[in-house]
There are 2 protein chains.
Amino acid sequence: MSTPPSSTKARTTRHAATLADVGREAGVSAMAASAVLNGAKTSARISDETRDRILEAARRLNYRPNATARALTHRRMNTLGLATTLSRDELNQYFLEVFNGVIEAAAELGQNTTVFALPDWAQGAARIPQLCDGRIDGLILLAPLLGAEDARFLPDHTPIVSIHANVDFPGVINLESDEEAGAQAMVSHLLALGHRRILHLAGPSHSLGARRRVDGYRRAHELAGIEPPPDHVVVGDFNTESGRRLLTQWLQAHRGEEMPQAIFAGNDAIAMGCLDVLTARGIAVPQQVSLVGFDDTVLARAARLATVRQPLRELGQRAARLLVDSVDAKLGDAAPPTVTNLVLPTELVVGTTLGAPRSQPLRIE
Amino acid sequence: MSTPPSSTKARTTRHAATLADVGREAGVSAMAASAVLNGAKTSARISDETRDRILEAARRLNYRPNATARALTHRRMNTLGLATTLSRDELNQYFLEVFNGVIEAAAELGQNTTVFALPDWAQGAARIPQLCDGRIDGLILLAPLLGAEDARFLPDHTPIVSIHANVDFPGVINLESDEEAGAQAMVSHLLALGHRRILHLAGPSHSLGARRRVDGYRRAHELAGIEPPPDHVVVGDFNTESGRRLLTQWLQAHRGEEMPQAIFAGNDAIAMGCLDVLTARGIAVPQQVSLVGFDDTVLARAARLATVRQPLRELGQRAARLLVDSVDAKLGDAAPPTVTNLVLPTELVVGTTLGAPRSQPLRIE
DNA sequence: CTGAAAGCGCTAACAA
DNA sequence: TTGTTAGCGCTTTCAG
């Protein structure tokens, strides 16, 4: 009923109305229309009478501003980019948490977010310049596994913020959380509970975060004056499949020996893989083996996993805000952010997969 | 070492080099450069000699094509939009699964994906026209809670594909899965196991999907010739908090009566809320109460929840492909897709939260 | 084989 | 208060 009869034309019209069209319809210049409809900074004011004519014409023609044209003149798309690797096998919960923070903060600042899914960082680095081609105003690199030599791929003209970068890049603000402290706190907690044989299934050794978690594991032992058992740190990847594979292989290789009392997984996904293996073997968690993860993604919450919480959403929010500040600064609208590195604290999350060690050791079958 | 010494200039340069710059540097016109560097359809060929000069100049100036300028002439950004509501309280796993499919298929077709997070559909509908302003070539509406009257907000000039729409919009391709069949199959399975008092905690009644799941619940009972117990369908929202709240309230309202033998949650998030409540009350799943969800998100996989699998990733992939086809068609590059509606099958996933009913009924405390 | 000119839609600077 | 001009960076048409 309320739909005007004139709107019955077929969808998928070729073109939308332009400012020139509106101006013509209203009998004024395109720039008058621009001033009225898009708030362009014109030197003078428009009279109320012509303003109304323009608004009416715009409504009649169903005028919509064209974002690419505006971007061309303003040198700004009001869009942030978020580049990361997304496996097609497994959903990346780490990404989802950060992404939610980014998109939320970006929206509050009137910015859109486009996601660039790179197949991997080795290939992806070379593609970064192509992303910074005006379609985004700034780029967030999420957990980029890049080396110092990849700095050559970072373009001059686009502000960049990284989260959990592997190396410091000049001119790039990096955000991270204190992973070593978090890992150390968790392992210290395990040691305090009486666990002595703690198996650590780590992420890849070329990941700084993975190395820091190993450092935390070692440091907790040092602080407690305890020598970690040999061969209890294993390197793999940050996904569930790796957790399954690593634990299975490790248990096979150590058959007949004493079962670890606790497993400290490099992240929650790895922990989920461990849970699969333990469940399949009928090993009760935490009665027979304690299991803890890292990140506090939804995986941990769904499985009630003990874990180390990283403020992922907040990292995303802060990255977006700092990036928008950088973009504003580049365009001369504001002072650039002074911070170049931000480390947020981590926090222990005690789920139901963490208990005291058994009095008598279990044997690996 | 391999970094050229000329790259020591400060980051955040104001402008990138343009085609005109490259042309000047190479002593040719901008359009020759355009033809060589961006493959513009020029009427004639460029000689190898000038081509080399241009390539060399571009390399020297570090030329990068400007996406907004190209978009302005091509009328195409090579970017798809994905509009959905994202709560700031709870991560939307449904979104993540679909999004992964979209971004994957889009990337294969050389398209980027930008996500528009709407606060809610009631407000969001009016914002759709602003999204279709040239920054994206086509739009995917993810589970839009829109009514037929909202069709007026869908712009003429941007192809649109919806996933799990509530109503059919003219000219909009809709993709969905057979939710009623999935719900019916699950409830039939419960009935076949001997469950008779099955509590259904549904999604909101203005959601077509929620209603279809209720229909499936009813239909399964009909097919089995069983009258569903009274007051065993409760309407709420599609999130964990709603699951917690609904079940708590329901149990309070039905204190002293017989405990349901099974709970069929409207989606996995609701099921997670139920799991919280059951765990808190010390009710064992599935020994005392069976629990099943819907969607097969990562929540279900992490909690080993029985659920109804919707091919969410595939829905995302197909939506992206159909949308790109529509965009191509609009630009005259191809024939438009002939399909207007696509229904994919669902599938039962039997987790560990589903068992036979207890012989003697439990009382609600 | 190459260049000049015009235009995509919008906006800032300058005239009137 | 309004219009004219020029240009953002790129591409296509048409003339050389």
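In which loop of chain A is Asp296(A) found? In this predicted model, Asp296(A) sits in the loop between E9 and helix H11 (298-303) of chain A. Asp296(A) is not a glycine, yet its phi is positive, at about 60°.

## Backbone features

A further backbone feature of chain A is the cis peptide bond that runs from Val285(A) to Pro286(A), with omega near 5°. Pro286(A) belongs to the loop between helix H10 (268-280) and strand E9 (290-292) of chain A. In chain B, Val285(B) and Pro286(B) are likewise joined by a cis peptide bond, with omega of about 5°. The loop that holds Pro286(B) lies between helix H10 (268-280) and strand E9 (290-292) of chain B.

## Domains of chain A

The domain assignment divides chain A into domain 1 (6-73), domain 2 (79-171 + 311-343) and domain 3 (179-310). Taken over C-alpha atoms, the centres of domain 2 of chain A and domain 3 of chain A are 30 Å apart. Their contact draws 10 residues from domain 2 of chain A and 17 residues from domain 3 of chain A.

Between them, domain 2 of chain A and domain 3 of chain A bury about 1,000 Å², and carbon and sulfur atoms carry 52% of that area. On the side of domain 2 of chain A, the residues that lose the most area to domain 3 of chain A are Glu90(A), Gln93(A) and Asn166(A), which together make up 41% of what that side buries.

The count between domain 2 of chain A and domain 3 of chain A is 1 salt bridge. The side chains of Arg301(A) and Glu97(A) form a salt bridge, with N and O 2.8 Å apart. Across this interface of domain 2 of chain A and domain 3 of chain A, 7 residue pairs are in polar contact, both residues being at pLDDT 80 or more. Helix H5 (residues 93-108) of chain A supplies the largest share of the side of domain 2 of chain A that touches domain 3 of chain A, namely 3 residues. By class, that side of domain 2 of chain A comprises 5 nonpolar, 3 polar and 2 charged residues.

## Interface of chain B and chain A

The contact between the chains involves 65 residues from chain B and 63 residues from chain A. About 5,700 Å² is buried between chain B and chain A, with 56% of this area given by carbon and sulfur atoms. There are 6 salt bridges between chain B and chain A. Glu104(A) and Arg88(B) form a salt bridge in which the closest N and O atoms are 4.0 Å apart. The polar contacts across the interface of chain B and chain A amount to 13 residue pairs, with both residues at pLDDT 80 or more.

Several elements of chain B supply at least two residues each to the side that touches chain A: H4, helix H5 (93-108), strand E2 (112-118), H10, helix H11 (298-303) and helix H12 (312-330). H5(B) gives the most to this side of chain B, with 9 residues. The side of chain B that touches chain A contains 30 nonpolar, 18 polar and 17 charged residues.

Of the atoms of DNA strand C that come within 4 Å of the protein, 65% belong to sugar and phosphate.

| Residue | Protein atom | Distance to a phosphate oxygen of DNA strand C |
|---|---|---|
| Leu19(A) | backbone N or O | 2.5 Å |
| Ser47(B) | backbone N or O | 2.6 Å |
| Thr50(B) | polar side-chain atom | 3.0 Å |

Helix H2 (30-38) and helix H4 (67-74) of chain A, together with helix H4 (67-74) of chain B, are the elements that give two or more residues to the surface near DNA strand C. H4(A) gives the most to this surface, with 5 residues. The residues of the surface near DNA strand C comprise 12 nonpolar, 12 polar and 5 charged.

Definitions and conventions: Residues are numbered from 1 along each chain as its sequence is written. Chains are lettered from A and ligands numbered from 1 in the order in which they are written. This is a predicted model: local features need pLDDT of at least 70, side-chain atom pairs count only at pLDDT 80 or more; totals for chains, interfaces and linings use all residues. Side-chain values use heavy atoms; hydrogens and water are left out. A residue is near a molecule or strand if one of its heavy atoms lies within 4 Å of it. A polar contact is a pair of N or O atoms within 3.5 Å; within protein, one must be able to donate a hydrogen and the other to accept it, and residues adjacent in sequence count only if both atoms are side-chain atoms. Helices (H or I, at least four residues) and strands (E, at least two) are DSSP runs, numbered from the N terminus. Ala, Val, Leu, Ile, Met, Phe, Trp, Tyr, Cys and Pro count as nonpolar, Asp, Glu, Lys and Arg as charged, and the others, Gly among them, as polar. Domain bounds come from an automatic or database domain assignment. Contact means heavy atoms within 4.5 Å. Buried area is the accessible area (1.4 Å probe) that two parts lose on being put together, summed over both.
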